[in-house]
Structures are given as C-alpha cells and as structure tokens.
Amino acid sequence: MNSLAPSLARIFCAALVLTSLLSACSAPPGAGDGEPPRDIEADHLVPSTPENLSWGWYPLDKQPVLTVESGETVRIETLTHAGTTQSEEPVAYLTAFGVPREEILPDVIDFWRSREGREREGRSGHVITGPIYVEGAEPGDVLEVQILELEVRVPWGINNTGPTSGVFADAYPGARPDDPPLDIAPGTRHLIRTGETEGQAVAFFSAGIQVPLAPFMGILAVAPADPVVGEPGVTVPGVQASRPPGPFGGNLDVKDLVAGTRLLLPVFHAGALFYTGDPHSAQGDGEVSGTAIEQSLTGVFRFVVHKGESIPGPRAESDTHYLLMGIDLDLDRAMRNATRAVVEFLVEEKDLTPAEALSLASIAVDFRVAEVVDLTQVVVGHIPKSLFLTP
C-alpha cells in the first residue's frame, strides 16, 4: 500500500464524523425532505465588499481579507459576475431585465463603481472573494474545505446563450469549419426567477418548466503556484486567469460540490490563500452554453489543514461517493487523467492492485463531464462508497 494511503484515508475518515451533522443542517435547498437549510453560526464573516473582491484572477500578494485557525468556520458572501461587471450601470442594466430595484444588492453597485483602476489584462470575468489565510497551512500540506451551507442571496439569476457560445464557440476544440451554425439569437441573456414551490427551491424556467436548485460555488481555489506564461490561462507573468481550473482547484464548475461535501486542495503558498466565487444555483453537467444559473450566493465553510499530506490536484467526497478529478485542455486527456486518479485512489486507499483498480473503475465507477467550456476541461470519476463493505 502506498505510503500516502493511510494519511489520506485519515482525511476522509475524519470527514465522515461530520456526515450526520452536515446532512441535518446543510443540505442544499430541495434536497432530502425539501426543507431549506438552517443558518449556521459561523466563527467569521467575509462580506462581498470591493476590498474583499478580485476580478478574474487569484492575486498571490494580496493582503488576506481574513486569517483563521484550522477548524474554524467562515461565512463568505459572493457576487455573480452576471449583472455586475458589464459596462452599463447595474441598476439601469438589471431593471431593464425586470429585476426590481430592491433586489439589486448594494455590493453589486459598489463593486461596479470600484472597477476603475482594476486591471483586466490577462484576467477573466469572475468576481472572486478572498483570499482567506489559514494558519499552519504550508506548501506540501492539504487544505480540506468543508462546504457546510449555501444559500441564494437574491431571487434571480442569469444564463447566457448565443450561436457561438459554450461548446458552439469557433475556438472550441471540437469545432469544424463546416459545422452548421446554431440557429438561435445571439447574445441572449435569460433572467431566471427562483423561489419555492411546495417546499422545494426551484428556478422558474418557464410556465411549464421548473428546475430544482442545487447551489454550489463554481470557483473553490487556493492560490496557484507561480503562474508561468504559456500555462492555461496565463498570458501575463504571475497572473492566473480564473477561467481555467487546474491543480489549485479554481473554476471547477463541479455541480456535485453542494452543501455537505468536502473538497481537498493541495497547498502551494503559506496560509493556502483560499478564494471562492462564480456562484451558481443550478447547472447541468458540461455547462454547455458557457454559463449556469449565475446567481449570488452566501456560503459557510470550515477549513482544516492536514499537515504533511500530498495530493496532485483537487479531489472531493460526498456522503455517497469519492470524487476524483481529471483536468486537461483536451477532453480525452481529462478523461484519461480522471481514470488514472481513480486507479491511484483505489490502489492507495482501498489496497487494490492496479489491475484490480482499473477493472473496478470500468465496471462500477461513473465518469461524468463536469464542464467543457473553461479552456481546461474537467471529468469526474464517481466512486460509490456502497461498493466497500468496510470504510
């Protein structure tokens, strides 16, 4: 058994202690019995004020917005970029879509006004809260992010579509010159109301269609290792754009990372420097139009440092599955990376031989495409915990 296995197994086993508590008070709206989550009393609050936000990247030298001890909880406010970062003033822009003035967060207006002087070169469009410095985290450690609660901040979100958006972009790797154009209106922004019906949190997509809400943060990241020009999303030295995910996590857009799940990230800098943003209230696997329901959220997270551990990239756990991620510019490579990650996990954590692990991966593990529209693409191997008679 690999020497890494006992330590990582301890991470997952320790996380299981919280399972009953999380399922009781942290299920996403619409999960379980349909009851909305109860408010959790967090140790700290990070509001989405301009000084706590970055625009489209993960600064390595930004003063932390908060310093916490391992094991502490933080309530973090996030803003969607949809309706926040366009050139037009937010009130005029959003009320024209039918958003009542009272449903526009003051933080949206404050951030929009703060845009002047915020550099955009080499950066993406996300509005990101952080960084949070976690005491004791050092390069070579693992940061466990327990997602305790996620709630929408306003009763609306936005989804964008267009004939060349998402997987239909001309630059999409699967595009061919003779592909017929998609016959839909260009640059359409869909305002989607959200609320509750019969105790279930839903998006009111149309008069005859309701989509259950399952809020999650598209971006969950630690500060990346020093970004080098030529790496995905790096066109300026030291600036990692927020669009592509990577070993640091980032814009994973893994819809499974709802309340009650846990994410493990490798640490590259002292304090880990945790960032979160790109909040979504619902998304299909793939995020094929390029956007989900982009909707501002508040989340409660617990941060736990695991000293001396080592993982090559993000991995996660729910009550029912281990989630192993493969990330690459090429979807086939991402699939291969996810399969390798599953095999290595089964060898290290479940004491299988590599041949047994690949066999089990082929007959019992589901590989799902989390997102294919953020430059690097993400495939997630879902290993059912029910396969194992012992933890």
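**Entry 1: the largest pocket.** I looked up the lining of the largest pocket and found 34 residues, of which His-81, Gly-290, Thr-291, Val-373 and Asp-374 lie nearest its centre. For my own record, the search runs on a 1 Å grid over the protein atoms alone: a pocket is an open set of points where a 1.4 Å probe fits, with protein on both sides within 12 Å along at least five of seven lines, and lining residues have an atom within 4 Å of a point. This is a predicted model, in which local features need pLDDT of at least 70 and side-chain atom pairs count only at pLDDT 80 or more, while totals for chains, interfaces and linings use all residues. Residues are numbered from 1 along each chain as its sequence is written, and side-chain values use heavy atoms, with hydrogens and water left out.

I noted a volume of about 740 Å³ for the largest pocket; a volume here is the space filled by probe spheres set on the points, which are joined across faces, edges and corners. Strand E7 (residues 156-161) gives the largest share of this lining, three residues. Strands (E, at least two residues) and helices (H or I, at least four) are DSSP runs, numbered from the N terminus. By class I got 11 nonpolar, 16 polar and seven charged residues in the lining of the largest pocket. Nonpolar covers Ala, Val, Leu, Ile, Met, Phe, Trp, Tyr, Cys and Pro, charged covers Asp, Glu, Lys and Arg, and the others, Gly among them, are polar.

**Entry 2: the second largest pocket.** I found about 610 Å³ of space here. The lining has 33 residues, and Gly-246, Pro-247, Pro-312, Gly-313 and Ile-327 lie nearest the centre. Strand E18 (321-328) and helix H5 (331-350) each supply at least two of the lining residues. The classes came out as 19 nonpolar, seven polar and seven charged residues.

**Entry 3: strand E11.** How many residues of E11 are buried? I counted seven of seven in this strand, residues 216-222; buried means under 20% relative accessible area, exposed over 50%, and partly exposed in between, with a 1.4 Å probe and protein chains only. E11 pairs with strand E14 (residues 274-282) in the antiparallel sense over six bridges, where pairing requires that DSSP finds at least two bridges between the strands.

**Entry 4: aromatic pairs.** I found nine aromatic pairs in the structure. In one of them, Phe-274 and Phe-301 are tilted, 6.0 Å centre to centre with 55° between the planes. This pair links distant parts of the chain, with Phe-274 in E14 and Phe-301 in strand E16 (residues 297-306), 27 residues apart. Rings of Phe, Tyr and Trp (its six-membered ring) pair if their centres lie within 6.5 Å; planes under 30 degrees apart are stacked, over 60 edge-to-face, and the rest tilted. Phe-274 counts as buried because its relative accessibility is 1%, and Phe-301 is buried too, at 0%. I also noted that ring pairs link Tyr-58, Phe-248 and Tyr-275 into a cluster.

Entry 5: Gly-130 and Pro-131 are joined by a cis peptide bond, omega about 5°, and Pro-131 is found in strand E5 (residues 127-134). Ala-272 is not a glycine, yet has a positive phi of about 70°. I placed Ala-272 in the loop between strand E13 (262-266) and E14, where it is buried with a relative accessible area of 0%. Asp-351, also not a glycine, has a positive phi of about 60°. Asp-351 lies in the loop between H5 and helix H6 (354-364) and is exposed at 52%.

**Entry 6: Arg-101 and H4.** Where does Arg-101 sit? I found Arg-101 in the loop between helix H3 (90-96) and helix H4 (106-113), partly exposed because its relative accessibility is 43%. Leaving aside neighbours within four places in sequence, Arg-101 is in contact (heavy atoms within 4.5 Å) with Val-91, Thr-95 and Ile-109. The buried residues of H4 are Asp-107, Val-108, Ile-109, Phe-111 and Trp-112, and they pack against strand E2 (53-55), strand E4 (73-77), H3 and E5.
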